[in-house]
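Keep the structure open as you read.

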Amino acid sequence: MNILIVGTGYVGTTTGLLFCEMGHQVTGLDLDDSKIQGLKAGKLHFYEPGLEELLIKHVAAKNFMFTKNTKKAVRENDVIFICVGTPQDADGSADLSYVKNVAESIGKYINNYKVIVTKSTVPVGTATLVTEWVKKKQKGQIPFDVVSNPEFLREGSALQDALNPDRIVIGTTSETARTIMKELYNDFHCPIIVTNPKASEMIKYAANSFLAMKISYINELAKMCDYLEININDVSMGIGLDQRIGPQFLRAGMGYGGSCFPKDVNALIQTAKENGQPLTILESVVKVNEAQPVYFIEKIKQALGGDLTNKTIAVLGLSFKANTDDTRESPSLILIDRLVAEQAQVKAHDPKVKMAEGALVQLQTVEETVTGADAVILCTDWDDYKNLDWVSLKSLVTQPYLFDGRNMLDKGAVEGLGFHYVGIANH
Ligand SMILES: NC(=O)C1=CN([C@@H]2O[C@H](COP(=O)(O)OP(=O)(O)OC[C@H]3O[C@@H](n4cnc5c(N)ncnc54)[C@H](O)[C@@H]3O)[C@@H](O)[C@H]2O)C=CC1
Ligand SMILES: O=C(O)[C@H]1O[C@H](OP(=O)(O)OP(=O)(O)OC[C@H]2O[C@@H](n3ccc(=O)[nH]c3=O)[C@H](O)[C@@H]2O)[C@H](O)[C@@H](O)[C@@H]1O
């Protein structure tokens, strides 16, 4: 089958490669010329483990082609996956302008029956809107179907997640589209849920919001445990082993970040409000998440004597989580903003993130970053930071203060080396 992927970001590129692996001919369309040129040459414009190797393979085999030519791309493909961004609007709702733009282009250029699949995360009711947007631009009456097929992959493990999904959700009322979608996903062995588009759209938001809720729950509990001097990691393990709860997404930390949880929880809250059905649990999830970096910085301030003015602080990790160079809504950047506001001198390090010139003092190595620091803050759970040689790093810092926003380190071990250690209820 000829498949068109519109938007060659994390989701689009991964989805395209997935279908190449399944033996399909895939075209990637993006408006950003530099991305297209890079992809054509087998170069990814973001860091994602394992993805570039697969890209090189399928570009060389001519299974994955890239273009900026929307008209040609729409005309030559029968199944079109919309994978463009749906960022947060000023009021918290999802900005659908990129999706609308794609739908209108499809309407303009449609030449035969198409299955139009929204893989982007879009609010309930968007399939109907996409149908209207396509129809408005159509000159004739060429038939098409709109399908909701949300994506559940995570950055940092995008390929593995996409190759081994827990489930596939297909939202459509069309028999033809359902058959085509099922055929596309024929080689997958996970459950396939076929429902209507509205339920499918809701499943995506409900899943992300549930996971965000687990994180805020454990983070709020962590604050209480901190006060009571209880180790939150033990609590996470103790409740997570109950199969009804499950161990995942119970790691206390600096709060959830990334390009999805923050915007998706807000978008669902907004949809709920618009429909007069407020989701008070999720409103609290957001509040707890916003309070988490503030709580951590207060602990840091307190430990350093209540004033951060001119203190040199080494921040390890800029991405919102390990194994990605994505800094969207990164708790680390929220923390750095606060440190700067408190007049601290920040030096930062990340194994993959390169911030824009002048945005931040960023060093090449951990050693350079911690040299002369009054405190070291671990912000991202990169493996690189798990086994650092704290004995030699201690000889480089001015003061041995170690703040662990991810509870990654063995408290007893680093305290044994003479560090003053503060984690998130890591007692
Ligand atoms: N990043 C992730 O881990 C996941 C993201 N999602 C959802 O998938 C969607 C895409 O997310 P990402 O891949 O992270 O976005 P991204 O920002 O990495 O990529 C979007 C791409 O679309 C391109 N684009 C925008 N308008 C276009 C148009 N009219 N024609 C062609 N290309 C166009 C942009 O240039 C960009 O390269 C969002 O709705 C997001 O919520 C869902 C699951 C996981
Ligand atoms: O819709 C999306 O874009 C995606 O959003 C998340 O994926 P992602 O944002 O890539 O990363 P996660 O691993 O979910 O982590 C999100 C944030 O939560 C934090 N987190 C995660 C787990 C945990 O136990 N504690 C915790 O603080 C992470 O550090 C990170 O800041 C979901 O896990 C994916 O299923 C979904 O497809």
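Helices here are DSSP runs of H or I with at least four residues, and strands are E runs of at least two, numbered from the N terminus. By that naming, N310 sits in the loop between helix 12 (280–303) and strand 9 (312–316). The model is predicted. N310 is not a glycine, yet its phi is positive, at about 60°. Most residues other than glycine have a negative phi. N310 is also exposed, because there are 9 other C-beta atoms within 10 Å.

F249 belongs to the loop between helix 10 (232–240) and helix 11 (261–274). Is F249 buried, exposed or partly exposed? It counts as partly exposed, because it has 16 C-beta neighbours inside 10 Å.

Now step back to the whole chain. The domain assignment gives domain 1 (2–195) and domain 2 (210–422). Taken over C-alpha atoms, the centres of domain 1 and domain 2 are separated by 33 Å. How many residues of each domain are in contact with the other? There are 16 in domain 1, and they meet 16 in domain 2. On the domain 1 side, the touching residues are seven nonpolar, six polar and three charged.

An unreviewed entry lists residues 314–411 as "domain: UDP-glucose/GDP-mannose dehydrogenase C-terminal". In the model, that span is 22% helix and 18% strand. Its end C-alpha atoms lie 19 Å apart.

Next, look at strand 4 (residues 79–82). V79 and F81 point one way, I80 and I82 point the other way, and all are buried. In a regular strand the side chains alternate between the two faces of the sheet. Strand 4 has partners to follow. Strand 1 (residues 2–6) runs parallel to strand 4, joined by four bridges. Strand 5 (residues 114–118) is also parallel to strand 4, again with four bridges.

Turn to ligand 1. Around it are 27 residues, of which G7, G9, V11, S120 and T121 come nearest. Helix 1 (10–21) and helix 5 (97–109) are the elements that give two or more residues to this shell. By class, the shell around ligand 1 holds 11 nonpolar, 10 polar and six charged residues.

From S120, move to A162. The two are 42 residues apart along the chain, and their C-alpha atoms are separated by 14 Å. A162 is found in helix 7 (residues 158–163). Why does A162 count as buried? The reason is its 20 C-beta neighbours inside 10 Å; the cut-off for buried is 20 or more. Beyond its neighbours within four places in sequence, A162 is in contact with T14, T15, L18 and L153.

Ligand 2 brings the domains back into the picture. Its shell draws at least three residues from each of domain 1 (2–195) and domain 2 (210–422). Which residues come nearest to ligand 2? Of the 20 around it, they are E155, R251, Y256, G258 and C260. Helix 9 (residues 197–228) gives the most to this shell, with three residues. The shell around ligand 2 divides into 10 nonpolar, five polar and five charged residues.

Note on methods
Residues are numbered from 1 along each chain as its sequence is written. Chains are lettered from A and ligands numbered from 1 in the order in which they are written. This is a predicted model: local features need pLDDT of at least 70, side-chain atom pairs count only at pLDDT 80 or more; totals for chains, interfaces and linings use all residues. Domain bounds come from an automatic or database domain assignment. Two residues are in contact if their C-beta atoms, placed from the backbone, lie within 7 Å. Ala, Val, Leu, Ile, Met, Phe, Trp, Tyr, Cys and Pro count as nonpolar, Asp, Glu, Lys and Arg as charged, and the others, Gly among them, as polar. A residue is near a molecule or strand if its C-beta atom, placed from the backbone, lies within 6 Å of it. A residue is buried if 20 or more other C-beta atoms lie within 10 Å of its own, exposed if 12 or fewer, and partly exposed in between; C-beta atoms are placed from the backbone. UniProt positions are given in the numbering used here, feature names are shortened, and annotations may be inferred rather than shown by experiment. Two strands pair if DSSP finds at least two bridges between them.
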